[in-house]
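Subject: Structure for you to look at

Hi,

Here is the structure I promised to send over. Have it open while you read, and my notes follow below.

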Amino acid sequence: MNIGEAAKASGVSAKMIRHYESVGLFPEAVRTESGYRQYATKEVSTLRFIRQSRDLGFSIEQIRELLGLWQDRKRPSRQVRALAQAHIEELDEKLKELQSMKATLEHLVHCCHGDDRPDCPIIDTLAHESATKAAPAHHPLGRTVGLQPGRARRRAT
């Protein structure tokens, strides 16, 4: 099948298929004499595996490792479990960061009158780093939360 058919069958866009090929996650497709990519059922299964792994939030490198484990029929399942457990711990950390951001925003929204006045603690806090350090919000579990530079960075996947 061609790339469009493989994309439809796997649920992975043609653009992402090309991306996965370019980063070496997915092998380059066999090409016809006219240069069109051709995919077999095996490749579509691999694309589905990649899509489902991405849906669970695994990074490209984690998926690379999972693919290797999937293709090694003699692998010990403890390796797969360890990789999944490590990912759960990463998700827990991301969840804590998101909860902290949410608590901070809820606090700022609560402090904002939301009326016709120009004074706005949300804007003030975003504009002044010292304001976030001077008046951090307190999380219900006793943790101090606030805008923390660098805490909400995105990880490359």
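The protein exposes about 11200 Å², and carbon and sulfur atoms supply 54% of that area. Accessible areas here come from the Shrake-Rupley method with a 1.4 Å probe, and for residues only the protein chains shown count as cover. Of the 157 residues in the protein, 27% are buried (buried means under 20% relative accessible area, exposed means over 50%, and partly exposed is in between, with a 1.4 Å probe and protein chains only).

Before you go further: this is a predicted model, where local features need pLDDT of at least 70 and side-chain atom pairs count only at pLDDT 80 or more, while totals for chains, interfaces and linings use all residues. Residues are numbered from 1 along each chain as its sequence is written, and side-chain values use heavy atoms, with hydrogens and water left out.

Now the overall layout. You'll find seven helices and four strands, and along the sequence they follow the pattern α-α-β-β-α-α-α-α-α-β-β. Helices (H or I, at least four residues) and strands (E, at least two) are DSSP runs, numbered from the N terminus. Of the contacts between residues at least 6 apart in sequence, 46% join residues at least 24 apart; contact means heavy atoms within 4.5 Å.

Next, how the helices pack. Two packed helices are described by the angle between their axes and the distance between the axes. The axes are lines fitted to C-alpha atoms, for helices over the stretch in contact, and angles run from 0 to 180 degrees between N-to-C directions. Angles under 35 degrees count as roughly parallel, over 145 as roughly antiparallel, 65 to 115 as roughly perpendicular and the rest as oblique.

Start with α1 (residues 3-10) and α2, which pack at about 100° with axes 9 Å apart. That makes α1 roughly perpendicular to α2. Here I3, A6 and A7 of α1 meet A14, I17 and R18 of α2. By class, that contact has five nonpolar, no polar and one charged residues (Ala, Val, Leu, Ile, Met, Phe, Trp, Tyr, Cys and Pro count as nonpolar, Asp, Glu, Lys and Arg as charged, and the others, Gly among them, as polar).

Then look at α3 (residues 41-55) and α4 (residues 60-71), packed at an angle of about 135° with their axes 10 Å apart. That makes α3 oblique to α4. On the α3 side, the contact is made by S45, T46, F49, I50, S53 and R54, and on the α4 side by I60, I63, L66, L67 and W70. Seven of these residues are nonpolar, three polar and one charged.

α4 also packs against α5 (residues 77-111): their axes come within 10 Å and cross at roughly 160°. That makes α4 roughly antiparallel to α5. In this pair, Q62, E65, L66 and L69 of α4 meet Q79, V80, L83, H87 and E90 of α5.

R64 is in helix α4, and R64 counts as partly exposed because its relative accessibility is 28%. Leaving aside neighbours within four places in sequence, R64 is in contact with V23, G24 and L25. E28 sits in the loop between α2 (14-22) and β1 (30-31), and at 62% relative accessibility E28 counts as exposed.

Cheers
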